[in-house]
Amino acid sequence: MSLRFIAFFSVLSLATKVSARDIVVKNAIEFKAAVSAAASGDVVLVESGTYSDVKIKFARGGTEVRPLFVKAKVPGEVILNGTSECEFNFPHIVVDGLLFYKGTINLGEGEDNSVVKFSSHHGTLKNTAIVDYNPGEFKTAYYWVFFSGSNNTVDHCYFKGKNNMHPLIGNAIDNSRYNAVKFSYFKNIPYKVGNGREDIRVWGSGKFDEKGKDGAYFTIEGNLFDHADGEGTEIISLKSNYNQVLNNTVIATAGCINIRRGSFNTVKGNVILGQGVKQAQGLRMSGANNTVLQNYVSGTEYGIRVSAGEYIGSALTPGYEPHNKSGAASNKNTEGTVTSYPQVKKLMLANNVVANVKGSCLEMGSDF
């Protein structure tokens, strides 16, 4: 390569670096303007303070080598309240160090209302907290984090006090793959009766017993669930194929880690310390080709429950019509019916430790 070309690329590289900006934000008006103006490589640097009714929604995204950043100058000192929310509506955006505190959101149409929404790909929420961000009524349903895109990550975040309907974190049925929740802390999620209040619920291909290689491919790794009861039945609920639940710790929390539906899921290296609290449970599983390895369960109502599952060979009653699959995934390699608990097939269950539980250490054929 000639010196002329070397000089040209050096100048081009310098120009690219110089074009990136630090956009300093000091109030809500500047915050809104900054996220609209920011581009690839820019850093929206937010000064400490309280920002009300800020909808963080971008006009463009970043690139793999030049993400767009929104970053608290001092992590934890940028407080968002009122009706503030955040949407990752373009790729390669990183939001770092914010605190959503004692606000609520304005509900839109659809079931995916959330404080933070990933509707694009390769977004990252890190070092961010959502605390007591609840509506006035329990039945008002919204998520705190919802994934409706792919390859997005929640990393080293803190969640405390969700007390309304809908899971804290959810994954959409369609077009949401390879998302992850890692090394985050779920603290004091109060128990209230209401099905569908899991800490994490992973929908995707497999929810309707779809076969094949499609799935959510969701990773839940290295998280701490501390008195994070939610609905008190399922802490983590997998309702899709090809997910991983790895090396999480559960302390004094009502509910269980559950492969509720789906195939080719892995639950490995998790520690559940029930400490004798009411409704603290262990591991449950349904579906085919799942792997449950090297987990530790103690101080719970039971250790491991392998579902009996349901199988319809033929109708005993003339005119019987089984419940057919419905929804967006209903025509993709299905078997025609939806069972309450899928039949367990080819389960790998090995090297788990269960100690000091009230009921059965291992129950084969539960939920019959």
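Buried means under 20% relative accessible area, exposed means over 50%, and partly exposed lies in between, with a 1.4 Å probe and protein chains only. Buried residues make up 49% of the 368 residues in the chain.

This is a predicted model, in which local features need pLDDT of at least 70 and side-chain atom pairs count only at pLDDT 80 or more, while totals for chains, interfaces and linings use all residues. Residues are numbered from 1 along each chain as its sequence is written, and side-chain values use heavy atoms, with hydrogens and water left out.

Start with the overall make-up. The chain has two helices and 34 strands. Both kinds of element are DSSP runs, numbered from the N terminus: helices are H or I with at least four residues, strands are E with at least two. Contact means heavy atoms within 4.5 Å. Of the contacts in the chain with a separation of 6 or more, 72% come from residues 24 or more positions apart.

Now look at one sheet. Strands of a sheet pair through backbone hydrogen bonds, either parallel or antiparallel. Here, two strands pair if DSSP finds at least two bridges between them. An open sheet of 12 strands runs in the order β1-β2-β5-β8-β11-β14-β17-β20-β23-β26-β29-β32, with parallel pairing. Its edge strands are β1 (22-25) and β32 (348-350), and each pairs on one side only. Neighbouring strands of this sheet are turned by 10° against each other on average, direction ignored. Such angles run from 0 to 180 degrees between N-to-C directions; the axes are lines fitted to C-alpha atoms, for helices over the stretch in contact.

Strand β17 (residues 180-182) pairs with strand β20 (residues 219-221) in the parallel sense, over three bridges. Val181 stands opposite Ile220 in β20. Helix α2 (residues 28-37) lies across β1, β2 (43-46) and β5 (68-72), and runs at about 160° to β1.

Next come the charged pairs. Side chains of opposite charge can pair when their charged atoms come close. A salt bridge is a side-chain nitrogen of Lys or Arg within 4 Å of a carboxyl oxygen of Asp or Glu. The whole structure holds nine salt bridges. One of them joins Glu47 and Lys73, with the closest N and O atoms 3.5 Å apart. This pair links distant parts of the chain: Glu47 sits in the loop between β2 and β3 (49-52), Lys73 in the loop between β5 and β6 (78-81), 26 residues apart.

Glu87 and Lys57 form another salt bridge, at 3.6 Å from N to O. Glu87 is in strand β7 (residues 85-88) and Lys57 in strand β4 (residues 55-57), 30 residues apart. Glu87 counts as buried, at 15% relative accessibility. Lys57 is partly exposed, at 38%.

Lys187 and Asp226 also form a salt bridge, their closest N and O atoms being 3.0 Å apart. Lys187 lies in strand β18 (residues 185-189) and Asp226 in strand β21 (residues 224-228), so the pair ties together parts 39 residues apart in sequence. Asp226 counts as buried, at 9% relative accessibility.

Finally, look at two backbone angles. Tyr178 has a positive phi of about 60° although it is not a glycine. Tyr178 lies in the loop between β16 (169-171) and β17. Asn127, not a glycine either, has a positive phi of about 50°. Asn127 belongs to the loop between β11 (124-126) and β12 (129-131).
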